[in-house]
Amino acid sequence: MKKKTSNDCRVLALCSQKGGVGKTTSCVNLAVGLARAGKRVLVVDNDPQGSMTASLGYPNPDELPETLATVLMNIVNEVTFEDSLGILHHEEGIDLLPANIELAGLEVSLVNFMSRELVLKQYIEQVKDSYNYILLDCMPSLGMLTINALACADAVVIPVQAAYLPVKGLEQLIRTIGKVRRQLNRGLEIEGILITMVDSRTNYARDITELIHETYGNQIRIFPHNIPFSVRAAEISAEGVSIFKHDPKGKVAEAYQYLTQEVLKDEK
């Protein structure tokens, strides 16, 4: 099989200032949606909590022998390694580079490393010829691991729950993305804001959604289809599969299918 050139690979970072906004769920379902469209997809769990890893069927990530921490440490120590190191294959056609608590220790040690913001970029450059899309699931903070993700991404998808506090944190994240663009990654763009966990029956959710559109709609794309709140969607992490397998005819699967189509439209 002919390998893709690096120009054919898009690297998307899914970032949020706050946890519990559906970021990891969105990353899983977008990845599987892209794979269902015939794309070769790698998801990188860039969070020491290992939420993405657990959501894809590995509930005890701390027991995994090789993870993102392994490959990043090899890069720091200038140890050569195979592209396939640590990568796990998921039944729905995507590859996963998992994470566990070791990543937290690595983040601390990166502070003393030269070019510390670009360690993840070295890994992505090494493996990107094999994929059409690489999705980075970032931790809900703006620490060194998230900066590494922004430094190597082509674009950022920002999931925001239709609630006051997650919206409040948006401004700082957007400022950080702008700073990374100026200092580390001039090609970095914001792919869009994805409004998640929307309970359209409530005035509160509608008011918050309107606030996001009024505040950011003129400067940043807001994906036209919100992700609705659903108990079925909350169940998929325990099942280790995407919404497309767990509830294929539901409204959440339909919403993530629309998101996938929006992202595919942005292929250069």
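The following questions and answers concern a predicted model. Residues are numbered from 1 along each chain as its sequence is written, and side-chain values use heavy atoms, with hydrogens and water left out. Local features need pLDDT of at least 70, side-chain atom pairs count only at pLDDT 80 or more, and totals for chains, interfaces and linings use all residues.

Student: Which residues form the aromatic pair?
Tutor: The structure holds one aromatic pair. Rings of Phe, Tyr and Trp (its six-membered ring) pair if their centres lie within 6.5 Å; planes under 30 degrees apart count as stacked, over 60 as edge-to-face and the rest as tilted. Here the centres are 6.4 Å apart with 20° between the planes, a stacked pair of Phe81 and Tyr123.

Student: How many residues apart are Phe81 and Tyr123?
Tutor: Helices (H or I, at least four residues) and strands (E, at least two) are DSSP runs, numbered from the N terminus. Phe81 sits in the loop between helix 3 (68–76) and strand 3 (88–89), and Tyr123 in helix 5 (residues 119–127). The pair links distant parts of the chain, 42 residues apart.

Student: Is Phe81 buried or exposed?
Tutor: Buried means under 20% relative accessible area, exposed over 50%, partly exposed in between (1.4 Å probe, protein chains only). Tyr123 is buried, and Phe81 is likewise buried.

Student: Over which ring does the charged end of Arg40 sit?
Tutor: The test is NZ of Lys or CZ of Arg within 6 Å of the ring centre and within 35 degrees of the ring normal. The charged end of Arg40 is 5.7 Å from the centre of the ring of Tyr131.

Student: Why does Arg206 count as partly exposed?
Tutor: Arg206 belongs to helix 9 (residues 203–216). Arg206 is partly exposed because its relative accessible area is 37%.

Student: Leaving aside neighbours within four places in sequence, which residues are in contact with Arg206?
Tutor: Contact means heavy atoms within 4.5 Å. With those neighbours left out, Arg206 touches Ser200 and Arg201.

Student: How are helix 4 and helix 6 arranged relative to each other?
Tutor: Axes are lines fitted to C-alpha atoms, for helices over the stretch in contact, and angles run from 0 to 180 degrees between N-to-C directions. Helix 4 (residues 102–110) and helix 6 (residues 144–152) pack at about 80°, with axes 9 Å apart. Angles under 35 degrees count as roughly parallel, over 145 as roughly antiparallel, 65 to 115 as roughly perpendicular and the rest as oblique. Helix 4 and helix 6 are therefore roughly perpendicular.

Student: Which residues of helix 6 meet helix 4?
Tutor: Helix 4 contributes Leu103, Glu107 and Leu110. They meet Met144, Leu145 and Asn148.
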